[in-house]
Amino acid sequence: MYATNYHRPSSIAEAVALQSSSDEAKYVSGGMTLIPTMKQRLAAPSDLVDLRHIAELKGISVNGSRVRIGAGTTHAEVSASPELAAACPAICHLATHIGDPHVRHMGTIGGSIANNDPAADYPSAMLALGATIVTNAREIPADDFFTGLFETALEDGEIVVAVTFDAPAKAGYSKFPNPASRYAMTGVFVAKAEGGGVRVAVTGAGANGVFRHAGLEAALSADWSADAAASVTVDAGDLLSDIHGSAEYRANLVKVMAKRAAAAA
Amino acid sequence: MGVEGIGARVARKEDKRFLMGQGRYTDDMSVPGMRYAAFVRSPHAHARIRSIDTSAAGDMPGVIAVLTGKEMLDDGIGNLICGWMIHSKDGSPMKMGAWRPIAHETVRYVGDAVAVVVADSMGEARDAAEAVLVDYEVLPAVTDAVRALEAGQPQLHPEAPGNLIFDWQLGDSDATDAAIAAAAHVTEIRIVNNRLAPNPMEPRAALGIYDSAEDHYTCYTTSQNPHVARLVMSAFYNVAPENKLRVIAPDVGGGFGSKIFIYPEEIVCLWASRRAGVPVKWTSDRTEAFLTDAHGRDHVSTVKMAFDADNRITALKVDTIANFGAYMSLFSSSVPTYLYATLLSGQYAIPAIHANVRAVYTNTAAVDAYRGAGRPEATYLLERTMETAARELGVSPAELRRINFIRAFPHQTPVIMNYDAGDYEASLEAAMAAADWNGFPARKAEAASRGMKRGIGMSCYIEACGIAPSAAVGSLGAGVGLWESAEVRVNAVGTIEVLTGSHSHGQGHETTFAQLVAERFGVPIDSVSIVHGDTDKVQMGMGTYGSRSGAVGMSAIVKALDKVEAKAKKIAAHLMEADESDIVIENGALKVAGTDKSVPWFQMALAAYTAHNLPSGMEPGLKEGAFYDPSNFTFPAGCYIAEVEVDPETGKTTIVQFVAADDFGNIINPMIVEGQVHGGIAQGIGQALLEGVHYDPETGQLLTASYMDYTMPRADDLPSFKVSHQVTPCPGNPLGIKGCGEAGAIGSPPALINAITDAIGNNDLTMPATPQKVWAAALAAGN
């Protein structure tokens with residue numbers, strides 16, 4: 001690891017000021033990606049601005065059907081939240097299967113979506129739930145937030161404050177972990193809104209990161225069932241291919257995970 | 001058996017310090033003035049070095065020295081060598097290319113050392129290493145051994161035209177061909193044995209300390225055989241003469257073979273310590289380990305197995321291409337030859353065998369012994385072929401094996417080995433009973449009702465351990481003898497130190513070796529200390545690998561104990577005015593048989609050292625040494641049965657049952673033996689289902705350079721193992737021990753692949769059987 005300067009702000013304003021004071025500063029939340037990357041000397045921020053001690057980023061609340069999860073909420077907190085278990089158990093299930101206990105107690109939802117690792121779990125939930133990403137500057141619909149591999153709509157210095165979404169009528173998440181990293185080789189989040197709209201988002205498989213699958217959405221809108229998901233043809237054309245799984249294999253997994261997610265919802 | 005003697009499940013003495021984080025590993029060593037080394041490594045798989053500019057790095061903060069291969073050559077440091085001579089079938093010696101500890105002029109794999117920086121801190125050393133400017137002329141690379149033999153491929157070493165190191169054979173080619181021509185059935189199969197990264201928990205490390213006042217070197221290093229390291233560094237690498245070089249291998253956190261070999265880094269640390277005038281420590285990080293530790297396996301073979309009308313094997317013909325990587329590592333040449341082809345008879349009476357092995361250079365990390373070393377490759381090939389033949393012949397896999405088992409001993413195979421003892425049927429029966437083999441169809445049907453495909457597979461392995469009579473291995477090309485030494489020192493108060501040339505890096509020698517002494521003298525194991533791993537303490541030894549510490553290392557201890565016992569009895573007889581032949585040793589006392597006369601063990605020891613009242617002419621003291629050279633290999637054998645369920649939708653394999661029935665001969669500590677079996681099976685499951693080193697075939701970049709991409713077995717990948725032992729004592733050594741360290745890794749891969757191919761109904765499947773591969777194979781079979 002290269003030498004870096006560590007800062008611990010206690011407010012969003014202080015964090016933004018610290019970040020803007022250097023060209024090479026980076027926010028760090030759980031650090032579950034950034035710190036290993038720095039240890040491998042693949043990232044060299046001059047300054048690290050730690051977001052874990054900012055009260056404004058904390059907390060889970062459910063008001064009526066509106067769910068709000070503070071960006072600084074750890075995966076373990078999401079996993080164990082009784083409010084979330086009542087409003088959207090699928091997101092608790094998702095959080096329970098991120099990484100290992102160490103990762104779940106350090107990593108945060110805000111860090112995960114801001115990093116937008118193409119194999120991370122949360123981006124699929126945000127997209128399928130039609131979530132809104134609340135930042136210190138604006139509100140960004142999930143459809144506009146995830147723009148590519150490790151790319152988001154966040155401007156330089158912008159901080160994710162929370163995510164909000166309406167509790168779905170039903171939702172499910174199923175992933176097939178990469179045998180080595182245990183990240184999602186393919187993860188599919190399916191959600192049916194109270195109004196009836198169905199959204200299906202896929203992580204781990206897309207060559208350009210998390211994406212919605214129109215064919216699966218249409219099939220599950222017509223008939224919410226495992227069989228309906230299984231009837232969909234998934235095109236391997238835009239999918240990732242690597243030593244762990246070909247695009248064809250991932251296309252199969254998209255269908256199988258969609259089936260299982262629908263059945264679990 | 002006493003509570004702490006042979007056969008007792010004694011808890012490991014060494015575990016207290018390991019579990020409390022108080023082990024002392026090489027990286028824990030710190031000496032005054034110590035500095036840190038970081039290596040500049042080639043980012044290219046094959047390139048010519050046009051120039052190296054160290055000036056910017058040399059000016060960086062904290063930097064003491066920046067050294068290159070040129071300076072090392074100028075100082076007369078020698079090439080790394082392979083210590084086992086193999087001759088090709090045309091009589092020519094193997095073609096060994098030069099391996100410089102720091103590359104000079106050419107780099108041949110990603111990770112090849114190009115320069116070393118010594119600095120005040122690890123961080124400063126790494127910063128400066130990045131500032132060393134190397135101008136490379138990138139050359140085409142080849143990583144696949146089959147491709148490397150083809151015309152027009154990149155050439156690695158001028159000494160080895162066509163990248164061919166040797167083209168070696170064993171067995172009778174004509175007799176084998178004739179038997180195949182006359183066969184009622186011939187099974188043909190292509191077998192790929194996947195390349196593995198060894199991944200001991202502790203990465204390699206070295207600390208070189210040069211003492212200018214004494215002109216003496218000390219090397220702390222992660223070695224399985226510190227004496228061999230000293231010998232090789234002295235005799236071949238010109239680092240220092242043996243009497244001026246002390247090598248210490250303190251606690252070592254796993255080796256699996258990868259720490260047998262002498263690597264560039266320990267030589268560089270010693271040399272750099274003298275050059276820079278400071279002690280120099282280097283510790284590998286995990287990616288460096290993936291890049292530079294010697295890998296294992298990487299064979300591609302074609303096989304023909306011939307049967308007569310009664311399903312008896314009449315011949316076996318094997319053609320193997322073995323990937324050696326960019327350089328010949330210390331024992332690389334022995335692995336796909338005398339540790340591999342000599343085991344191709346397996347547990348079966350096969351009249352004719354012929355094996356041809358071509359060893360090939362490629363632009364990859366060196367390949368050498370890894371847990372099992374040649375024997376897993378032989379077993380996988382043979383047991384996959386047997387299973388395939390059983391399917392083709394319509395015979396049950398157990399029946400085909402039974403028909404062909406060797407049942408009379410000693411048995412001379414056509415490939416050198418003379419099996420001394422065994423009962424293969426006993427292990428097969430024990431395994432089938434433990435696995436409830438006959439209940440499998442019902443379990444398969446029940447799994448099918450859940451949409452799962454269930455399969456069962458077996459593997460009957462044999463291996464050769466305790467390698468071996470020194471004269472025999474010498475005649476086969478070994479550069480060293482393979483005996484072991486021991487010294488037993490009884491202190492004046494009766495406590496005992498056992499100095500051994502074996503080296504413990506996870507095997508539990510501090511416990512099992514002490515049990516041996518407890519059994520003999522009836523003293524508590526707490527009063528016995530095992531000393532190993534330091535060339536200044538133990539005079540000479542050959543180290544630990546090839547499951548040899550029990551069969552060879554303990555046999556040397558037994559020989560020394562015999563001498564101690566003889567002298568102790570003489571002293572006791574003298575003290576009690578009895579006849580020496582009437583003295584027995586029981587419960588820590590020397591007694592006159594049939595009387596109530598006895599002398600406590602400590603009193604006899606004290607008498608030996610006070611020397612006030614010893615038999616006339618006897619030297620004072622009680623200390624005896626012995627060297628033990630084995631009379632033969634030992635032949636552990638057994639039967640493993642795997643039962644799996646495959647999810648046809650995802651291709652994911654779940655191991656629902658794993659049975660191991662092993663014959664290791666006599667056992668000193670069953671708990672430690674079971675631990676060895678568990679660990680070995682875990683590594684075998686790793687090879688079969690999870691692990692595989694991948695290089696980009698065009699660029700030679702290592703794609704599996706971290707745990708993000710290299711799949712190590714984890715607890716949730718493994719079932720609980722059902723382990724049992726059948727015992728036919730080894731007649732070749734005093735304890736009747738065969739060895740247990742590698743069997744798990746040898747026997748398990750074919751059992752697993754046989755089970756998965758049984759489940760999916762497609763025999764065409766390579767290791768690691770990842771979900772993707774199993775899904776595709778099941779799909780191809782219409783399942």
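Me: In β11(B), which residue is the bridge partner of Thr218(B)?
Reply: Strand β10 of chain B covers residues 216–221 and pairs with β11(B). Strands (E, at least two residues) and helices (H or I, at least four) are DSSP runs, numbered from the N terminus. The partner of Thr218(B) in β11(B) is Arg246(B).

Me: What kind of model is this?
Reply: Residues are numbered from 1 along each chain as its sequence is written, with chains lettered from A and ligands numbered from 1 in written order. Local features need pLDDT of at least 70, side-chain atom pairs count only at pLDDT 80 or more, totals for chains, interfaces and linings use all residues, and the model is predicted.

Me: Do β10(B) and β11(B) run parallel or antiparallel?
Reply: Two strands pair if DSSP finds at least two bridges between them. Here there are four bridges, and the sense is parallel.

Me: Which strands stand at the edges of the sheet in chain B?
Reply: Seven strands form an open, mixed sheet in the order β3-β5-β1-β12-β9-β10-β11. The twist averages 20° from one strand to the next. Each edge strand has a single partner, so one side is left without a neighbour in the sheet; these strands are β3 (63–68) and β11 (245–248) of chain B.

Me: What angle does α8(B) make with β9(B)?
Reply: Helix α8(B), residues 264–276, packs on the sheet. It touches β1, β3, β5, β9, β10 and β12 of chain B. Its direction and that of β9(B) make about 30°.

Me: How are α10(B) and α11(B) placed relative to each other?
Reply: Their axes (lines fitted to C-alpha atoms, for helices over the stretch in contact) give angles from 0 to 180 degrees between N-to-C directions. The two axes come within 9 Å and cross at roughly 110°. Angles of 65 to 115 degrees count as roughly perpendicular. The helices are therefore roughly perpendicular.

Me: How many residues of chain B are in contact with chain A?
Reply: Contact means C-beta atoms, placed from the backbone, within 7 Å. The chain A side has seven nonpolar, five polar and no charged residues. From chain B the number is 13.

Me: How far apart are the centres of domain 1 and domain 3 of chain A?
Reply: Chain A is divided into domain 1 (5–50), domain 2 (55–166) and domain 3 (170–264). Such bounds come from an automatic or database domain assignment. Taken over C-alpha atoms, the centres of domains 1 and 3 are separated by 34 Å.

Key. Contact = placed C-beta atoms within 7 Å. Nonpolar A, V, L, I, M, F, W, Y, C, P; charged D, E, K, R; others polar. Parallel < 35°, antiparallel > 145°, perpendicular 65-115°, else oblique.
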